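Dear colleague,

Here is the model I said I would pass on. My notes on it follow below the structure.

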Amino acid sequence: MSSAVAHDGPAVPANASRRVPVGRWLLNGVAGLTLGFILLPLVLVTWLAFFRQEIPSFPPEGYSLQWFGAVLNNKSFVSGFILSFQVGVAATLLGLALAVPASLAIARRRFAGRSFASTLLLMPLIVPGVVLGASIYVFQIETEIATGLPMLGTTTGLIAAHALIVIPWAARLVTASLAGFDPTIEEAAKNLGAPPWTTFRRVTLPAIRPGLVAGALFGFVTSFGNLEMSLFLVGAGRTTLPIAILQYLEWKIDPTVAAVSVMQIALIGVAMIVTDRYVKIAQVV
Amino acid sequence: MARLELIDLSKHYGDQVAVVGVTLDVADGEFLVLLGPSGCGKTTTLRMIAGLVEPSGGSARIGGTDCTHLPPWRRNTGMVFQSYALFPHMTVAENVAFGLEMRKLAKPEIEARTKEALRLVRLEGYAARLPRQLSGGQQQRVALARALAIRPDVLLLDEPLSNLDAKLREEVRIEIRELQRQLGLTTVMVTHDQEEALTVADRLVVMAEGEIRQIGSQRDLYERPADRFVAGFVGRSTFLDGRVTTPGEFETAGGLRLKCAAGAAGAAALLLRPERLHLGGENLDNRLPGRVEFVSYLGAVLELHVRLSPADRVLVQLPNRGEGAPAVGDDVEIGWHRDAGMVFAQQRN
């Protein structure tokens with residue numbers, strides 16, 4: 001998510017227009033290099049997943065699909081996938097439920113501390129995952145002591161923590177789609193007889209749908225891939241997929257890990273392509 | 001359709017005054033226009049009628065029922081917004097049907113009334129289009145159809161024509177007026193365009209600084225403006241500053257002595273409508289020499305800016321009769337009847 005290197009036009013001097021080919025080659029070259037830089041790990045991991053030999057080395061001795069089978073036979077990968085998926089979906093829904101009203105308030109109302117609130121919503125993006133995980137760990141222990149409610153190691157506790165890292169994405173993207181939204185269409189709905197909740201459901205929500213869908217997608221991906229924060233919060237014997245991968249890597253380095261990564265990349269890729277068919281994500285991101 | 005009454009309606013934002021003491025009685029089926037410069041409180045007044053702005057004081061009654069503090073969705077007003085405010089994700093038909101769905105009508109009736117509303121604005125063939133696939137004029141008509149479909153007690157139009165080009169504006173305003181007559185709709189329109197206001201209104205309300213300055217017919221406002229602001233806002237005019245020496249005598253700041261309609265002695269302004277001034281002054285009460293300083297050629301008419309004294313310049317409108325029109329630099333004689341000059345004592349504006 002963080003490898004966005006802008007290459008939409010380096011500053012070309014005005015007199016370069018007569019030497020167009022040079023400028024264009026330079027631009028294409030830089031763009032190509034950047035794209036290659038982003039894609040290289042993906043390509044290598046995907047290639048590795050099909051290697052036949054157990055110890056990754058170049059050149060490959062041959063190709064095989066056995067590692068994909070190994071993933072499906074590995075209990076901790078399967079249960080890790082299921083937990084990550086459940087937590088991702090629940091955290092995304094919770095994060096949206098919190099971020100949407102917050103974005104609406106920030107976009108529409110003028111109140112004291114408005115810009116502070118807007119910064120606060122993006123904070124979880126800036127705080128390192130390890131710090132976030134450690135502080136939530138302490139917080140959950142203290143809460144357990146104070147209230148006697150089970151927190152640490154529960155799925156609920158994990159979902160609550162993941163909602164925190166979904167919120168910045170949801171808030172940012174919903175706010176972006178609200179920027180081009182004409183509030184008088186809500187007034188028009190009310191004028192035609194729609195009470196506030198109906199107005200929100202029938203008029204506001206459909207208008208911010210691209211931001212909502214994109215926010216949900218990015219939020220889910222962030223949650224699904226999160227390792228550092230989750231390390232502190234999972235219960236014994238209940239791991240998320242990234243943790244299962246890490247634990248596997250402590251003992252083995254065979255291409256099973258590459259295979260599970262490819263499956264994860266494919267899943268997210270498909271989700272993006274499918275989403276993009278219904279909402280043009282590029283409109284809001 | 002219903003009578004609309006506003007009684008001493010006002011709106012403050014903090015210590016900022018938006019509307020003060022607006023009292024209006026709009027008869028059933030009447031077309032009332034609120035006219036005034038931007039920021040005069042006309043739109044706030046309209047939004048209070050719709051319930052989109054809560055009044056700070058006074059009351060509003062629609063069809064005899066007090067609705068001062070009723071939320072917008074419980075009133076039966078149909079509003080056409082300046083930006084049209086169409087729902088971008090709904091088709092034309094869905095936009096028009098929205099208000100009917102909110103009224104929980106049966107599906108066949110919703111369909112029938114949607115069709116009827118689209119027929120009224122001549123958009124039958126566009127039901128399945130999305131708003132962004134329509135031109136500005138068509139979008140405006142969808143907004144109108146949407147407001148008409150709910151059969152509102154009061155139709156509210158907020159600068160409905162300001163986003164259309166000049167030619168279309170003229171057509172649409174006549175269409176709106178005809179529809180309003182045909183349906184007998186009580187209508188309040190807000191505009192800053194006086195020509196638009198004069199074309200469609202049964203009665204006009206001129207507002208400035210949150211207050212009503214004058215209520216009356218087109219003729220009332222033009223021939224008998226209540227104050228200098230109304231006189232300046234409605235129609236074209238020249239004001240000569242000076243004072244009334246004795247009733248019927250006016251002396252301009254530039255020292256010209258003119259005959260005028262009565263008026264109390266003291267500092268005042270003399271209003272002259274450009275079409276009431278004539279070239280050549282035979283048999284007229286005022287006859288003055290002047291020099292043409294500027295000529296606007298407007299097709300059917302010519303407008304001359306004529307200098308009468310170092311401090312006094314007047315605007316004269318002449319029908320375009322072809323050859324022989326004065327040119328810049330020509331010496332001319334200007335004349336007008338004393339009743340053509342209206343005197344406003346110098347107070348506000």
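What share of the contacts in chain A with a separation of 6 or more comes from residues 24 or more positions apart? The share is 74%, where two residues are in contact if their C-beta atoms, placed from the backbone, lie within 7 Å.

Some conventions before the rest. This is a predicted model, in which local features need pLDDT of at least 70 and side-chain atom pairs count only at pLDDT 80 or more, while totals for chains, interfaces and linings use all residues. Residues are numbered from 1 along each chain as its sequence is written, and chains are lettered from A and ligands numbered from 1 in the order in which they are written.

Chain A

The secondary structure of chain A consists of 12 helices and zero strands. Helices (H or I, at least four residues) and strands (E, at least two) are DSSP runs, numbered from the N terminus. Along the principal axes, the C-alpha atoms of chain A fill a box of roughly 75 × 70 × 35 Å. Of the 285 residues in chain A, 32% are buried. A residue is buried if 20 or more other C-beta atoms lie within 10 Å of its own, exposed if 12 or fewer, and partly exposed in between, with C-beta atoms placed from the backbone.

One helix pair in this chain can be described in detail. Helix 3 (residues 75–108) and helix 4 (residues 114–126) of chain A pack at an angle of about 150°, and their axes are 10 Å apart. The axes are lines fitted to C-alpha atoms, for helices over the stretch in contact, and angles run from 0 to 180 degrees between N-to-C directions. Helix 3 and helix 4 of chain A are therefore roughly antiparallel; the cut-offs are under 35 degrees for roughly parallel, over 145 for roughly antiparallel, 65 to 115 for roughly perpendicular, and oblique for the rest. On helix 3 of chain A the contact is made by A:Ala99, A:Ala102 and A:Ile106, and on helix 4 of chain A by A:Arg114, A:Ala117, A:Ser118 and A:Leu121. By class, that contact has five nonpolar, one polar and one charged residues. Ala, Val, Leu, Ile, Met, Phe, Trp, Tyr, Cys and Pro count as nonpolar, Asp, Glu, Lys and Arg as charged, and the others, Gly among them, as polar.

A:Pro210 is found in helix 9 (residues 209–225) of chain A. A:Pro210 is buried, because 22 other C-beta atoms lie within 10 Å.

Chain B has domain 1 (4–228) and domain 2 (237–345), with bounds from an automatic or database domain assignment. The C-alpha centres of the two domains of chain B lie 39 Å apart.

The contact between the chains takes 18 residues from chain B and 14 residues from chain A. On the side of chain B that touches chain A, strand 6 (77–80) and helix 2 (92–102) of chain B are the elements that give two or more residues. Helix 2 of chain B gives the most, with three residues. The residues on this side of chain B divide into 12 nonpolar, four polar and two charged.

Backbone points to check by eye

Most residues other than glycine have a negative phi. B:Asp8, in strand 1 (residues 4–13) of chain B, has a positive phi of about 50°. B:Asp8 counts as exposed, because it has 12 C-beta neighbours inside 10 Å. B:Tyr84 has a positive phi of about 70° and lies in the loop between strand 6 and helix 2 of chain B. B:Tyr84 is buried, with 24 other C-beta atoms within 10 Å.

Regards
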